[in-house]
Amino acid sequence: MNFDRLVTFPGSLPQQMDALWARQAAEWPRLANGLASLHNARVNSFNLNGATLMVQCNAARIVSTGAKIDAASIAARPCFLCPANLPVEQLGLAYGDRWLILSNPAPIFDPHFTISSTRHEPQRIMPLTGTILDLARDLAGAYTVFYNGPKCGASAPDHVHMQAIKAGVLPFERELLGELYAREGWIEWLRDHPVRVGVTRAPRRPAIILAGRDRDELVTALTAVVERLGEVHPADPEPMLNLFAVYSPEVWLVYVFPRFAHRPACYGTGPGQFVVSPGSIDLGGVLIAPRPEDFERLTPEVAGGILEEVLLPQDRFTQLREALAG
Ligand SMILES: [Zn+2]
């Protein structure tokens, strides 16, 4: 592997990640600063259409939220996920033969990992679905894996990566697990075999839920979701989505937020604008606002409106539902 700061720890993969995080938090000032920013972050919590939406004012996130990801800007900067460009203090756990598990120095949760390829290849969902499921299984329900599409929150759209946070920390995931047990009725199940496929009912945020025990059947079902989404809302370089996967004993739970836009129309630093650029975590119920002046103006209506604008509109989500049910 083309990275010379690999470390190993005893125990399962989640235990090794916990140990990596503890060591890096103790030894790497940039991560310590990122953690201080996280722990000093102000947080608001709203109820929006029955779902919890938190807003986190985390100054350290400005680098990601404000990232320029147009082709010219990407071409002009050294790739910060290529092994040769990683900070000298950064250590990595090897996962398989091509993945590095790295501590995220601007965490939104404690802990927060980036799982980055050792090869410089673009961020694409289709070749990655099996890897996401394998990683979720190996994280054994301790961590949830997620993927930001190249125009859906990824600040390195040119270098394939995933992220991981503790399972159950996201409001949407907690609400989803509650729904699976209590059946409050905000998910409409479209099919049961070989993979359970469901969609959220309005006014909940549009999401597709998949659950199954067979990895290859799940890959097939996920591929179909991506393809149908690409028909309902064609986009370059791939259908727009954010995707999460978590494994509880012998069952994968995958949830996908279909996207319509990269950033809201109000994105920017001018008067009346907001430096808010939703990715997976935002859609999972924790909206990140690095600037205090934005945080203070993010009422439930404004925050909900921003998420609605970047998510697939209800009429297209209905088309997607029909395509998945057919
Ligand atoms: Zn790279």
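**Entry 1: strand 10 and its partners**

I began at glycine 212, whose bridge partner in strand 12 is tryptophan 252. I am working from a predicted model. Strand 12 covers residues 251–258 and is joined to strand 10 by five bridges, with the two running antiparallel.

Next I looked at strand 9, residues 196–200. Strand 9 also pairs with strand 10 in the antiparallel sense, over four bridges. Here I noted glycine 198, whose bridge partner in strand 10 is isoleucine 209.

I then asked how buried strand 10 is. Five of the five residues in strand 10 (208–212) are buried, so the strand is largely enclosed by the rest of the structure. I checked both faces, and both are covered. Ile208, Leu210 and Gly212 lie on one side, Ile209 and Ala211 on the other. I kept the general rule in mind: in a regular strand, side chains alternate between the two faces of the sheet.

**Entry 2: the sheet 1-2-13**

I moved to a three-stranded open sheet, ordered 1-2-13, with mixed pairing. Its edge strands are strand 1 (42–48) and strand 13 (286–288), each pairing on one side only. Neighbouring strands here are turned against each other by 25 degrees on average, direction ignored.

I followed strand 1 to strand 2 (residues 51–57) and found antiparallel pairing over seven bridges. Within that pairing, phenylalanine 46 has leucine 53 of strand 2 as its bridge partner. Helix 6 (residues 171–182) packs on this sheet and touches strand 2 and strand 13. The direction of helix 6 makes about 165 degrees with that of strand 2.

I also looked up helix 10, residues 300–310. Helix 10 lies across strand 1, strand 2 and strand 13, and runs at about 75 degrees to strand 1.

**Entry 3: helix 7 against helix 11**

I took helix 7 (residues 215–232) and helix 11 (residues 314–325) as a pair. Their axes come within 9 Å and cross at roughly 140 degrees. That angle makes helix 7 oblique to helix 11. The crossing is right-handed.

I listed the contact residues. Helix 7 contributes Val225, Arg228, Leu229, Glu231 and Val232. Helix 11 contributes Arg316, Gln319, Leu320, Ala323 and Leu324. I sorted these residues into six nonpolar, one polar and three charged.

**Entry 4: serine 73**

Is serine 73 buried or exposed? I located serine 73 in helix 4, residues 71–76. Serine 73 is exposed, because it has 10 other C-beta atoms within 10 Å, and 12 or fewer counts as exposed. I also looked up its separation from arginine 42, which is 31 residues away along the chain. Their C-alpha atoms are separated by 31 Å.

How values were computed:
Residues numbered from 1 in each chain as written. Predicted model: local features only at pLDDT ≥ 70, side-chain atom pairs only at ≥ 80, totals over all residues. Pairing = 2+ DSSP bridges. Axes fitted to C-alpha atoms, helices over the stretch in contact; angles between N-to-C directions. Contact = placed C-beta atoms within 7 Å. Parallel < 35°, antiparallel > 145°, perpendicular 65-115°, else oblique. Left-handed = near helix turned anticlockwise from the far one by under 90°. Nonpolar A, V, L, I, M, F, W, Y, C, P; charged D, E, K, R; others polar. Buried ≥ 20, exposed ≤ 12 C-beta atoms within 10 Å, placed from the backbone.
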